[in-house]
Amino acid sequence: MAREANAEQQSPGATKIIDRIPRAGAEGQLEAAIRDITEALHRWPGLSSVHVIRPSPPEQPAYRIICVFDTEDHLRAWDDSDDYQKLISVADEFTEGEPQRTWLTGLETWFTLPVSTIADRRPPAFKMAITTFIALFPTILLVHALLALLPEFDAIPAIVGDAISVAIVVLLMTYLIMPRFTRLLKFWLYPDRS
């Protein structure tokens, strides 16, 4: 999905998720094509990480490739590159149907997408805001309460203390709390529309 970039602002990190269901009998060829893509990605500027999740039928019939870039501009440059176009044309030969592609930027990356036919849906902004508030508010209170127990913490400048507490909260939200919380609220964030 194309998004307009503001040239005067540095865009936040961006994630692209690609789900590819292998053609029957072409699993090995698709896996080799995905390996070529990930090797090229590792040489591309701005890549933070790339992960490949193998299929686990019937719940997850697709290879899921998760590419995380430091900026949306770097991700867009990769998508527009000749290298990428050549590599995906090979992978498309061994993919059943059209691969599902999802772009995530900003707070959207806190919300895990289910591996299914609804993987291209995102929760509405108000649901993401409510979920984030419910998870963030107690996390902030807890981190502040725990840091207040440290006598050394009162001795450092307030701005440094704030930076430390914000860093702890962001790490907890990104790696621990939000992945679990969004799975818990999957029924509300990603309602079954069948």
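Modeller: Start with glutamate 98.

Biologist: Fine. Is glutamate 98 buried or exposed?

Modeller: Glutamate 98 is exposed, at 64% relative accessible area. Exposed means over 50%, buried means under 20%, and partly exposed is in between (1.4 Å probe, protein chains only). Keep in mind that this is a predicted model: local features need pLDDT of at least 70, side-chain atom pairs count only at pLDDT 80 or more, and totals for chains, interfaces and linings use all residues. Residues are numbered from 1 along each chain as its sequence is written, and side-chain values use heavy atoms, with hydrogens and water left out.

Biologist: Which side chain does glutamate 98 meet in a salt bridge?

Modeller: That of arginine 101, at 3.2 Å, N to O. A salt bridge here is a side-chain nitrogen of Lys or Arg within 4 Å of a carboxyl oxygen of Asp or Glu. Arginine 101 is partly exposed, with 26% relative accessibility.

Biologist: How many salt bridges does the structure hold?

Modeller: Seven salt bridges. One of them joins aspartate 92 and arginine 20, at 2.8 Å, N to O. Aspartate 92 sits in helix α3 and arginine 20 in strand β1, so this pair ties together parts 72 residues apart in sequence. Helices (H or I, at least four residues) and strands (E, at least two) are DSSP runs, numbered from the N terminus.

Biologist: And arginine 20, buried or exposed?

Modeller: Arginine 20 is buried, with a relative accessible area of 2%.

Biologist: What does arginine 54 form with glutamate 31?

Modeller: Another salt bridge, with the closest N and O atoms 2.6 Å apart. Arginine 54 is in the loop between β2 and β3, glutamate 31 is in helix α1, and they are 23 residues apart. There is also a network of salt bridges linking Glu72, Asp73 and Arg76.

Biologist: New topic. How many residues has the largest nonpolar core?

Modeller: It has 22 residues. Such a core is a set of buried Ala, Val, Leu, Ile, Met, Phe, Trp, Tyr and Cys residues joined through side-chain atoms within 4.5 Å. Leu41, Cys67, Phe69 and Trp78 have the most contacts inside this core. The largest share, six residues, comes from α1.

Biologist: What does cysteine 67 contact?

Modeller: Skipping neighbours within four places in sequence, cysteine 67 contacts residues including Ala14, Ile18, Leu41 and Val50. Contact means heavy atoms within 4.5 Å.

Biologist: And leucine 87, where does it lie?

Modeller: In helix α3, residues 82-93. Leucine 87 touches Asp36, Ile37, Ala40 and Trp78, leaving out residues up to four places away in sequence. The C-alpha atoms of leucine 87 and aspartate 36 are 7.2 Å apart, though 51 residues separate them along the chain.

Biologist: Last topic, cavities. What volume has the largest cavity?

Modeller: About 90 Å³. On a 1 Å grid over the protein atoms alone, a cavity is a set of points where a 1.4 Å probe fits but cannot get out, and lining residues have an atom within 4 Å of a point. Grid points are joined across faces, edges and corners, and the volume is the space filled by probe spheres set on the points.

Biologist: Which residues line the largest cavity?

Modeller: Among them are Arg20, Leu41, Cys67 and Trp78. By class, the lining has nine nonpolar, no polar and one charged residues. Ala, Val, Leu, Ile, Met, Phe, Trp, Tyr, Cys and Pro count as nonpolar, Asp, Glu, Lys and Arg as charged, and the others, Gly among them, as polar.

Methods. On a 1 Å grid over the protein atoms alone, a cavity is a set of points where a 1.4 Å probe fits but cannot get out, and a pocket is an open set with protein on both sides within 12 Å along at least five of seven lines; lining residues have an atom within 4 Å of a point.
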